[in-house]
Amino acid sequence: MSDLPANRSTVHPIPFQPSFEQIPEDESETAKELADTLRGIMQTTFDDHGHAYRSVHAKGHGLLRGHITVLDNLAPELAQGAFAKPGTLPVVLRFSTNPGDVLDDKVSTPRGLALKIIGVEGARLPGSEGDVTQDFVMQNAKAFTAPTPKAFLKTLKLLAKTTDKGPGLKKALSAVLRGVESAIESMGGESGTLKSLGGHPKTHVLGESFNTVVPFLYGPYYAKLAVVPVAPSLTALTDQPVDLDDNPDGLRQAVSEYFSTQGGIWEVRIQLATDAEKMPIEDASVTWPEDLSPYVTVARIEVPAQAAWSSEGVRDIDDGMAFSPWHGLAQHRPLGGVMRVRKPAYEMSSGFRATHNGCPMHEPR
Ligand code: HEM
């Protein structure tokens, strides 16, 4: 990723055109099937635990509060939406791993980061009118595992079948898959499905870089967004192994230990689309080439030392908040099939949590 100064104009972004989005006729059926499958996962974990967890990314590893500072003198094409004017706003962060089960961390899976910026101004997306938040919901990858919602539905149905299976069996499966995954990666490939089933390297979550993976409007343009650790204390954790063998909550404990004594700094970087074919909207599995459009820093997130996991945090953030790419500004409208079908899925999931836990979602102001 680029370390160019934030205020330098690096690329010539192309304006978004409605024809870049192509909606298949049966998309609403796929969206319904996705939401139904996710609801099934939630019902299973609710029956097991008596508590409603997110249908994916059920397990949180860190619940943090801090600030975001939008940089001064951004090039005009970068000063859009939530980043239109310099200034500092509060943020909430939730680190997670992707299964819909609350698993032993030995079953090592891809990681997520949800970011909520509080106090943004501007016209709102449908369903998030009246709020003042902008969410970015990310994974530690640069492209999605599936090109389309329909392809993702197939993977999700496979994953749904593993919900509630004996933890011993899952741990054994995870160890095998990690071996297969590193074999595939050493041959230059990467298998999202294997990683999702427990084949992710057992590394520290705070060393990861995160990405929206799929694009959203960026004012008149469109873009992906990355959150990248820059504090040396965080970059030291990149690819750093964590012992997850004897501690079912090893990741959560590693995050808590880190934030008990120190804070962290991340950069928020934007990759503007410059080529409609090489940076497509409807194929979520494409990594956009960084030689054509490098990521450029637009803001910095600072999180002070704090209790990263507490009963208060669980009540207010893990259970009391929902993060969704559809919470935000019209200028950051999510784009493409995967983004479109996420809207009903996230609404279903947060609605289920609110009803079953008897605690409505609170959108901070
Ligand atoms: C068709 C594609 C997808 C579907 C159907 C889907 C569905 C969901 C649902 C239902 C939730 C739980 C929401 C809640 O209860 O509050 C969720 C959470 C999450 N998703 Fe997705 N998702 C999809 C794609 C993605 C992608 C592309 C990313 C990352 C780039 C992502 C990252 C996350 C993360 C990090 C969370 C946890 C958010 C939190 O901490 O509250 N998802 N997803």
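1. A polar contact is taken here as a pair of N or O atoms within 3.5 Å; within protein, one must be able to donate a hydrogen and the other to accept it, and residues adjacent in sequence count only if both atoms are side-chain atoms. By this criterion, Arg353 places a polar side-chain atom 2.7 Å from an oxygen atom of the ligand.

2. The model is predicted: local features need pLDDT of at least 70 and side-chain atom pairs count only at pLDDT 80 or more, while totals for chains, interfaces and linings use all residues. Residues are numbered from 1 along each chain as its sequence is written, and side-chain values use heavy atoms, with hydrogens and water left out.

3. For Tyr346, a polar side-chain atom lies 2.7 Å from a ligand nitrogen atom; for Arg342, an N or O atom of the side chain is 3.2 Å from a nitrogen atom of the ligand. Strand E3 (111–118), strand E4 (133–139) and helix H8 (337–357) are the elements that give two or more residues to the ligand shell. Helices (H or I, at least four residues) and strands (E, at least two) are DSSP runs, numbered from the N terminus.

4. The shell around the ligand holds 28 residues, the closest being Arg54, Arg94, Tyr346, Ser349 and Arg353; a residue belongs if one of its heavy atoms lies within 4 Å of the ligand. H8 supplies the largest share, eight residues. By class, the shell divides into 16 nonpolar, eight polar and four charged residues. Ala, Val, Leu, Ile, Met, Phe, Trp, Tyr, Cys and Pro count as nonpolar, Asp, Glu, Lys and Arg as charged, and the others, Gly among them, as polar.

5. H1 and H8 pack with axes 9 Å apart, at an angle of about 30°. Axes are lines fitted to C-alpha atoms, for helices over the stretch in contact, and angles run from 0 to 180 degrees between N-to-C directions. The two helices are therefore roughly parallel, a term for angles under 35 degrees. The contact of H1 with H8 comprises 11 nonpolar, four polar and four charged residues.

6. Helix H1 (residues 27–49) also approaches helix H2 (residues 149–161): their axes come within 10 Å and cross at roughly 20°. H1 is therefore roughly parallel to H2. In this contact, H1 residues including Leu34 and Leu38 meet H2 residues including Phe152 and Leu153. Eight nonpolar, two polar and three charged residues make up the contact of H1 with H2.

Note on methods
Parallel < 35°, antiparallel > 145°, perpendicular 65-115°, else oblique. Contact = heavy atoms within 4.5 Å.
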